[in-house]
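Please have the sequence and the structure in view while reading.

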Amino acid sequence: AYIKSLFKQLQPVWNIVQEIGHNYDIEISCVIYTDGEVPSIHFDQEIINKSHQINAEIDVDLYILPDNTIENEQKINNLVEFT
């Protein structure tokens, strides 16, 4: 969804992005933080085609955090909001 959102934002200048992609390296970087659940990562044909049009690579970094890190951080954030 994030990559599709990025492509939608770039649509008004798509021709310029294509020109840049054929003269320079373009990389779409995705970072996923998880506390143990392995997410599903899927690039549909639209993402593959548009990435190809701008000559872009897609990089996905997956970081598995220690147990309950995300849950504990959310609890801390909730406490901070109330103080």
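The sections below go from the chain as a whole to a helix, and then to single residues.

## Overview of the chain

The model is predicted. Its secondary structure comes to 4 helices and 2 strands, and from the N terminus on the elements follow the order α-α-β-α-β-α. The chain has 83 residues, of which buried residues make up 17%.

Among the contacts with a separation of 6 or more, 80% are between residues 24 or more positions apart.

In helix α3, the buried residues are Ile47, Lys50 and Ser51. They lie on the same side of α3 because the arc they cover around the axis is only 105°. In an α-helix there are 3.6 residues a turn, so residues three or four places apart point the same way.

Gln45 and His52 are exposed on the other side of α3. The cover over the buried residues of α3 includes α1 (2-10), α2, β1 and β2 (56-64).

## Lys50, a buried charge

Lys50 belongs to helix α3, which spans residues 45-53. Although Lys50 is buried, it has no salt bridge. Glu46 is the nearest side chain of opposite charge, at 4.6 Å; a salt bridge would require a side-chain nitrogen within 4 Å of a carboxyl oxygen.

Leaving aside residues up to four places away in sequence, Lys50 touches Phe7, Gln11 and Trp14.

Ile3 is located in helix α1. With a relative accessible area of 7%, Ile3 is buried, because buried means under 20%.

When residues up to four places away in sequence are not counted, Ile3 touches Ile28, Cys30, Phe43, Ile47 and Ile58. One of these, Ile47, is also among the buried residues of α3. Ile3 and Cys30 are 27 residues apart in sequence, and their C-alpha atoms are 8.5 Å apart in space.

Val13, Ile16, Ile20 and Tyr24 make a nonpolar surface patch of about 400 Å². Tyr24 is placed in the loop between α2 (14-23) and β1 (26-34).

Is Tyr24 buried or exposed? Its relative accessibility is 60%, and Tyr24 therefore counts as exposed, the cut-off being over 50%.

Conventions. Residues numbered from 1 in each chain as written. Predicted model: local features only at pLDDT ≥ 70, side-chain atom pairs only at ≥ 80, totals over all residues. Heavy atoms only, no water. Buried < 20%, exposed > 50% of the residue type's maximum accessible area, 1.4 Å probe, protein only. Lys, Arg positive; Asp, Glu negative; His and termini not counted. Contact = heavy atoms within 4.5 Å. Patch = residues over 30% accessible without salt bridge, like charges linked within 9 Å, V, L, I, M, F, W, Y side chains within 5 Å. Areas by Shrake-Rupley, 256 points an atom, 1.4 Å probe, with all protein chains shown as cover. Arc of directions from axis to C-beta.
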